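Colleague: Please take a close look at one part of this structure and then set it in its surroundings. I am new to it and would be grateful for one connected account.

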Amino acid sequence: MRTFRTPCANNNGFSTVAAVTALLILVALFLFPRFVESPYTLHIMILFFLSTIMGGSWNILGGYTGQYSVGHAAYFGAGAYTTMILMQYKQVPPWYGIWGGIAIVVVVALFIGSICFRLRGPYFVLASIAVAEIMRLTAMNLKDLTNGAEGILATEIPPFTMGGTVITDFLTKVPFYYIGLVLAILTIIVTWLVQNSKLGYCFQAIREDQDAAHSLGINLTIYKNIALIISAVFTSLAGSFYAVYIGFIDPPTVLALDISVQIVLICIIGGIGTIYGPVVGSLVLVPLSEALRSNLIAQAIFKTGMVSEESGIGVFLKDHLAHAHALIYGILVVIVILFMPDGVLGFIKKLTAKKAVTGDRLTVTE
Amino acid sequence: MTVFLQSLISGILIGGVYALIGIGLTIIFGVMRVINFAHGDIMMIGMYLTYNLFTLAGIDPFVSILVTIPLMFLFGGFLQKLFINRVLGALPQNQILLTIGLGLIMSNTMMLIYTSDYKIISTSYSSSSISVAGISVSEPLAISFIITAAITAMLYWFLIKTDTGQAIRATAQDREAAQLMGINVKRMSIIAFGLGASLAGTAGALISPTYYIFPQIGSTFTLKAFVITVLGGMGSIVGATLGGVVIGIAESVSAVYISSGWKDVVVFVLFLLVLLFKPSGLMGKSRM
Amino acid sequence: MVKKLFSFFLALSLAIPNLSLAANVKVGFINSITGPEAPIGENLTNGVTLALEDLAKKGIKVELIKEDDTGKPQISMSAMEKLATRDNIAGVVGPYTSACANAVAKLAEKYKVPLLVPAAAKEEITRQGFKWVFRMNAPADVYASSLIDAALTLGKPKSIAFIYENTDFGTSTTKSAKEYVAKKGIRIVADESYSKGSPDYRSTLSKIKATNPDLVFMVSYVADAILLMRQAREMGLQPQAFLGGGAGFTTVQFAKEKEISNYVLSCTQWTDDVNWPGAKDFGTRYKAKFGKEPTYHAACAYESMMIMAETAAKAAGDREKTRAALKAGKWNGIMGEVKFSDYAGFTNQNNHQMLVQQIQDGKYETVFPKQFATKKAIYPFPKWK
């Protein structure tokens, strides 16, 4: 059942058709803002990119190396806070600030790694939560540095200039769209590189069996830390991007346990340890939560005429469906875990594999 | 000195309730090796049960545990049978997310039923205290501490002396071996989860006269329960009891001598130190 | 499959906007309907519900577009984006929390949408010179100054202890309070923040008791207020006055706990016994409709929605005209006189008169300022029984 996750099996799927489709989607995504001007749609796309970056970076540590961190909010928040503090209090533009964020996050990651990687399984999970909680409480209490619970509000982003000409002043969503898109693609490329490199094989060996990997001469500490650093750096970029885009951060919005759980969910729902898992996960979660939140689903049901808006059920849906989005979220998680343990992507692969079995008997005997 | 003794006493008393939450989690972990992220939410269900019994039937929260314990046991058994049993062999992150999902369902269902208003139970003794040599002892907390002690003793007796208790301990020690010995492991898991849930529910009932209730209350206690369980040694009941009291005292004393803002940091640092230097917990390797 | 899903959602999102066009004016309402702030958010929703009824009586049909921000700034921003660019609303009322209101204020300015913040306390919201952002309630600094002024009129307190929740509301109110007491020459003897939801504040309170403060200033959420007072009684904490900075100390639930809540002084934006036109009537109707007492949040939201919808309807939904009318207008309703003016660094801020009330025999009585007082204040705080 898990065979499709071995490194070699994935290379087979890289056909010309897939490459052309990927290229077409890319071109479409790059041209998208030319045709769609609605800031709301762009905003949703940006949230989608953000979610892909977050999920993708977790995937490298959790999906490929098998270290199920539920404390990634620590890196997200550290990146967000560093960039934001530099921008707001030290007038350092964010495109320099993110490097500060990365530097801090690498230090934090090495520190966290030195604690957590001594532990395995559930102990690792709990330790990662504890460290992220310590970070949150510290940000809450170090009022002079972080402005505590009041959070940091960005008053303005300096315009990005190159040789005297203003490239963008960040007043519309378009620059954020492209930054998000590029970061998301970068995350996918890094994931692909990791999956197909010697480094990636070592990661996956650790995931499959730590002790066996160790006896093969793989230095567990070094490789786990490398995976953590790659993962943390991209999470930090996501955090910086979020902070600059939204323009406001406080401990509950960037350092809470919710964020860590959200990051893991993106991967689990999409498909853990696969290149496109985080993309699929984001494709499910971002529109779903937005549709539930703004009650689009109830309205769509009325529109189709399945239920009349005035009927008892209609009134109930209108009043409660929006309130119930977290409930539906929970139900979705339970369903995915119970019935699609390899995520939506794994589920689709299984379905197509079954079709292949019935279509072509030869593949079965392989 | 009075301030120190005062914080020590408060810490021990509140630690009793923490212990009960921790014991529930430790039993579940011991038998199933599943970290139950919905533990605080199960406790929250117990609190709402207590609230309803109090407001609708006028049953005192401390008496209501007679109803809460069996009901929560059934609820826990039901969760185990329907959901947790299916992921026992699955990847740890899937188990964790399943319980997170269940927790979300519980808290949001309660929110739909009761809205997210804070419910507070006001009994005649909610703010009464006994003063001993200048140190005030909260009456409701003292009562709940005594009940906690009694329940822990009974639980211990059950696990050591009864056949079912021994079967649960055997399952906790080695699932496969227990199965080979003819122990119905699935049934033991259901009982264990039921016990864990009823202990969490009881903790909820005991704390409700001095606390308040809202649907999202669970996560605070889930985190606390993790810390307590690891501190005591996962799967160790004596450890969890001790862990609960230690955490209660640590919170209370650090609130006075450091600051109330940093007290939770102290707790988590303590937790990490134990994980690093004594990963088996305060009570060593004992499993139940 | 993925594409299908995507196109389904695209279709879904395109299908919605042309649903109904019959209404007179389209107003957006961003609120915390779910999430941790939901208990208070509900009061705002109720206030708005009553406002819609009254607007309908006046012949203004409002098409209200409700958005849930779940208490998170990025989600409230999504909501604002949607309202401003897709739903074509004339104006927006909300969001409730300071963090969300702050984030949304920037967008309101960017999209040139009139935003009326009903009940967020953070001072900065209206201190950034935004032309499109208006605020109904008095900001955090008034919470502190009104209470301390009341205490200084009633007695001669020399020292003060602070205990507050470590949220935006708690810290920013306390920060302004600290600045204010420094000016008035009151000594700060304790400064304790706590995470909301801790079951045990006894040790913190015993530490405060050891410093023997004249005033205890608390900023807490609904249930923590009750918990703090219960445990203060247990500990025998005995200052000249307990001052409750809004929120949890101004709920009926708190007042009902007579044993511990009697004689606590608190400040509020609104009460139903104040002699502002319609306040009493609003209270009665609210109780009849929702089965509970109205909070100031409800009143703020009600008045905000009334003003926004009326102004927008008069301007026929034109955003620029609505903004100008809000800026120029003057109202007198259940929140007393409302006028959005520029003063002391604020822009478009309603210089709202906050009321100080004291719980006497389980009921809120306005005790300060004099012209609104219904009862005389009891000071100092009587000995615990």
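Modeller: A crossing of two helices is called left-handed if the near helix is turned anticlockwise from the far one by less than a right angle, and right-handed if clockwise. The model is predicted: local features need pLDDT of at least 70 and side-chain atom pairs count only at pLDDT 80 or more, while totals for chains, interfaces and linings use all residues. Residues are numbered from 1 along each chain as its sequence is written, and chains are lettered from A and ligands numbered from 1 in the order in which they are written.

Helices (H or I, at least four residues) and strands (E, at least two) are DSSP runs numbered from the N terminus. The axes of helix 2 and helix 12 (residues 296-314) of chain C come within 7 Å and cross at roughly 40°; axes are lines fitted to C-alpha atoms, for helices over the stretch in contact, with angles from 0 to 180 degrees between N-to-C directions. Helix 2 of chain C is therefore oblique to helix 12 of chain C, since angles under 35 degrees count as roughly parallel, over 145 as roughly antiparallel, 65 to 115 as roughly perpendicular and the rest as oblique. The crossing of these two helices is right-handed.

Helix 2 of chain C contributes to this contact residues including Ile40(C), Leu44(C), Val48(C), Ala51(C) and Leu55(C), and among the partners in helix 12 of chain C are Ala298(C), Tyr302(C), Met305(C) and Ala309(C). Two residues are in contact if their C-beta atoms, placed from the backbone, lie within 7 Å. By class, the contact of helix 2 with helix 12 of chain C has 13 nonpolar, four polar and one charged residues (nonpolar: Ala, Val, Leu, Ile, Met, Phe, Trp, Tyr, Cys and Pro; charged: Asp, Glu, Lys and Arg; polar: the others, Gly among them).

The pair belongs to a chain with 13 helices and 16 strands. Along its principal axes, the C-alpha atoms of chain C fill a box of roughly 65 × 50 × 40 Å. Of the 385 residues in chain C, 61% are buried (20 or more other C-beta atoms within 10 Å of the residue's own; exposed means 12 or fewer, partly exposed in between; C-beta atoms are placed from the backbone). Among contacts in chain C with a separation of 6 or more, 71% join residues 24 or more positions apart.

Chain C also meets chain B, with 31 residues from chain C and 30 residues from chain B in the contact. Helix 2 (38-57) of chain C is one of the elements that each supply at least two residues to the side of chain C that touches chain B. The largest share of that side, eight residues, comes from helix 8 of chain C. The residues of the side divide into 12 nonpolar, nine polar and 10 charged.

Chain B itself has 11 helices and four strands, and its C-alpha trace spans about 60 × 45 × 35 Å along the principal axes. Of its 288 residues, 62% count as buried.
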